Amino acid sequence: MSLKAYNPAWAYQEAMQQAAARWHRRGLLTAEQHQAIRARYPLEFYRPGLFLRIGLFLFTCIGVAGAAGFLALILSDVVSSSFLKVLAFLCAAGSLAVLEMSIRGSRIYHAGADNALLYCCLGWVTVLFTGVVYDVIPVASRHYESLGNPYLQLALGPLFVVFLVATIRYADRLVAAATYLLLLLLVVNAALQVPYGQALLPFVLMLVAVGAYWLVRQLHKRPDYLYYRSCLTLLEVLVLLTFYAAGNYYVVREANAMLSGAFTSTQIPLAPVFYALTAGIPLYYIVTGLRRPSRIWLLTGLLTAVCSVATLRYYRSLLPPEIAAVLAGVVLLAVAAWAARYLRPERHGLTSLPDDEQPPHFNLESLVVAQTAVVPQAPQPGFEFGGGQFGGGGAESTY
Amino acid sequence: MIPEQLLTDLQNAELLPAAQAAAIREDERTRPFSLHYELRAGLYLGITLLTGGLGVLLYQHLSEIGHGVIIGSMVLLMAASFGYAARHRQPFTWGQTRPVSFVPDYILLLGCLLFLALETYLQVQYNFFGSRYGLVTILPAALFLALAYSFDHRGVLAMSLTALASWVGVSIAPLSAFTENSFLSSRLGGAAVLLGLLLAGVGFYSDFADRKRHFAFTYISLGANLALLAATVSLFDFYLSSFLPNAVLVLLILALSAGLVWYARLRHSYLFLLMGAVYGYITVTYLFFHLLDFNDGEAAIMLGLFYFMGSAVAVILFFVNAKKFLRLA
């Protein structure tokens with residue numbers, strides 16, 4: 001049996017068609033050549049558009065839930081002890097079987113239905129393992145709900161192995177992300193067992209992130225890289241976020257307080273180091289993102305920059321929020337408008353014109369505007385504006 | 001790295017001459033990195049922060065700054081925004097305009113949001129419109145509608161529809177079902193359904209008559225969602241007497257869902273297919289459990305579970321064959 005559930009050629013066909021379509025849009029291929037490439041590398045798998053995938057995902061979940069309820073109804077008469085574990089095992093096995101058969105039969109490839117089946121299967125496996133470990137460990141440790149509980153390894157370790165195997169076989173990006181999070185939890189749990197572990201935890205996690213980043217770059221060089229492309233992209237984002245979060249002052253300070261069981265957080269040792277990391281890492285990400293150029297680094301950098309500002313405002317409120325909002329709005333508006341003009345058509349390898357890498361297929365923007373624009377509401381019957389300054393339409397204060 | 005492997009394979013398959021492959025390599029290397037969507041998001045975020053912050057400032061510092069100063073500066077800013085947008089306006093067409101830059105679009109949005117803040121302020125502070133509350137909401141609705149058509153702006157159109165909905169007394173924002181629990185009392189349900197149907201109708205008209213065809217998505221997605229959501233909510237509302245008999249509601253939802261699926265088929269739009277399928281499924285499920293007799297106990301539960309399994313499989317098969325189904329049109 002092959003290690004990969006899907007035919008690796010599908011990933012290659014997909015990449016080829018995407019690249020060909022892009023080159024065709026940029027006028028580098030003639031229409032005939034584009035047609036010839038499409039005919040030479042046809043898409044042999046089934047994957048509909050985003051909305052159909054959402055639909056398939058939803059209705060597969062409904063179907064699986066119905067089947068699980070049906071099974072539970074039968075089992076409740078037969079098995080009394082360890083009912084949940086038997087149910088979990090049967091459901092996991094059933095989902096897995098349906099998943100494998102539908103990939104073989106219908107050639108679905110990350111089409112929503114197979115994602116749903118895989119998540120259901122892994123969810124039931126998690127229930128099963130947690131149930132087994134819960135029964136095995138001493139009663140006194142069962143309710144010690146802390147990341148430092150040494151018995152946590154018993155559940156996390158096998159789960160990590162299962163998720164890793166699932167990632168290798170199915171190349172699903174959410175499962176890959178879950179695998180990475182399990183790894184982080186394992187590391188945190190192990191670090192909390194040793195003396196000074198808690199104090200060194202931020203640096204340990206940063207080291208793990210660096211190691212994981214190196215691993216992701218190495219995996220990029222493998223010949224079967226295309227099969228895991230979406231996983232590696234998401235992992236790169238998560239690795240960058242981990243590295244930032246491990247050095248973020250808010251995270252370190254509050255996590256430290258939480259792990260020590262303190263109700264209020266106090267100043268942490270080496271605070272200046274974490275100030276510098278909180279301020280510096282987003283800048284480094286953004287600059288790297290623009291110079292490399294890499295959208296992953298840039299967007300992660302912008303996201304972490306917002307987090308850094310929030311961290312600063314959490315401990316030191318420099319300006320009242322509304323003035324800060326006005327100033328930030330003016331600055332953002334001015335910078336974006338200037339950059340839009342300055343980068344047209346292009347400077348320093350950057351442009352403000354739309355990229356034809358991905359054709360826009362969905363008009364999201366008008367829905368976002370409808371969601372965020374605040375229109376004065378008609379007052380409820382019986383409610384009069386009266387004299388108060390704050391009556392009626394003060395709805396803008398939601399920002 | 002990927003293009004290199006792909007290009008080598010294409011050359012080996014003799015689908016690509018070497019000179020052209022070199023040109024593609026060169027283009028991949030020198031192609032500028034687009035910041036288009038990042039900048040647009042930045043502009044939008046800046047506008048919302050600015051108008052939101054200004055709105056709060058107005059209420060907090062009413063007594064400290066003179067009213068005239070506030071109103072004057074906001075009117076100036078608004079006039080400047082509208083003026084800037086008007087200077088960059090493209091000539092009107094019933095089709096889609098192709099503006100040079102996207103910045104004027106956002107400046108227009110800024111002007112509209114400032115108008116809202118200003119209008120709210122005038123009403124609260126000076127009771128400018130008196131007790132004609134309807135006027136407070138219908139005025140921006142009308143103004144934004146005119147602006148949306150003359151400036152060809154879908155965001156302003158969405159704002160106009162939001163104002164129109166709030167004139168009727170309902171919230172149209174896509175997520176309002178989750179944020180406002182009591183957003184549809186049955187008294188407003190009828191109005192919401194009517195408005196939703198009207199908007200969806202305008203959307204269909206603008207598509208088929210080719211009058212701003214690209215506005216159809218905004219009209220239909222907001223309108224159909226409002227009508228279906230309002231109808232579904234009052235279908236499940238056990239406490240308040242409904243504005244329409246449930247049988248009529250069921251028929252209405254099914255008809256509208258079928259209409260969406262038909263439109264999706266015509267325009268190859270998977271979003272509307274999904275919307276039609278989900279609302280239709282909810283209603284059919286409601287019907288099934290309504291007709292199911294729970295006095296039978298376990299047999300009824302069994303039947304219910306079978307229904308979920310069977311219907312899920314049926315819908316999945318429908319979706320999997322949707323491509324065939326959509327292309328048939």
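Start by selecting chain B: this chain has 14 helices and 1 strand. Helices here are DSSP runs of H or I with at least four residues, strands are runs of E with at least two, and both are numbered from the N terminus. You're looking at a predicted model, where local features need pLDDT of at least 70, side-chain atom pairs count only at pLDDT 80 or more, and totals for chains, interfaces and linings use all residues. Residues are numbered from 1 along each chain as its sequence is written, while chains are lettered from A and ligands numbered from 1 in the order in which they are written.

**Chain B as a whole**

Keep chain B selected and colour by burial. Of its 329 residues, 42% are buried. A residue is buried if 20 or more other C-beta atoms lie within 10 Å of its own, exposed if 12 or fewer, and partly exposed in between, with C-beta atoms placed from the backbone. Now for contacts, meaning pairs of residues whose C-beta atoms, placed from the backbone, lie within 7 Å. Among the contacts in chain B with a separation of 6 or more, 56% are between residues 24 or more positions apart.

Where the two touch, 9 residues of domain 1 of chain B meet 12 residues of domain 2 of chain B. On the domain 1 side, helix H7 (residues 154-168) of chain B gives the most, with 6 residues. That side divides into 7 nonpolar, 1 polar and 1 charged. For these classes, Ala, Val, Leu, Ile, Met, Phe, Trp, Tyr, Cys and Pro count as nonpolar, Asp, Glu, Lys and Arg as charged, and the others, Gly among them, as polar.

**Between the chains**

Bring chain A back into view. The contact takes 86 residues from chain B and 79 residues from chain A. Pick helix H3 (residues 36-60) of chain B: the largest share of chain B's side, 18 residues, comes from there. By class, the side of chain B that touches chain A holds 61 nonpolar, 21 polar and 4 charged residues.

Now zoom in on strand S1 (residues 350-351) of chain A and strand S1 (residues 33-34) of chain B. These run parallel and are joined by 2 bridges; two strands pair if DSSP finds at least two bridges between them. Click Thr351(A) and you'll find that its bridge partner in S1(B) is Ser34(B).

**Domains of chain A**

Colour chain A as domain 1 (46-136), domain 2 (138-247) and domain 3 (264-342). The C-alpha centres of domain 2 and domain 3 of chain A are 26 Å apart. Between them, 8 residues of domain 2 of chain A contact 9 residues of domain 3 of chain A. The domain 2 side has 5 nonpolar, 2 polar and 1 charged residues.

**Backbone stops in chain A**

Most residues other than glycine have a negative phi, and most peptide bonds are trans. Here are some exceptions to select.

- Arg292(A) to Pro293(A): this peptide bond is cis, with omega near -20 degrees. Pro293(A) sits in the loop between helix H12 (271-291) and helix H13 (295-315) of chain A.
- Arg107(A): phi is positive, near 55 degrees. You'll find Arg107(A) in the loop between helix H4 (83-106) and helix H5 (113-136) of chain A. Arg107(A) is partly exposed because 16 other C-beta atoms lie within 10 Å.
- Ala171(A): phi is about 50 degrees, again positive in a residue that is not a glycine. Look in the loop between helix H7 (152-170) and helix H8 (173-191) of chain A. With 24 other C-beta atoms within 10 Å, Ala171(A) is buried.

Notes: Domain bounds come from an automatic or database domain assignment.
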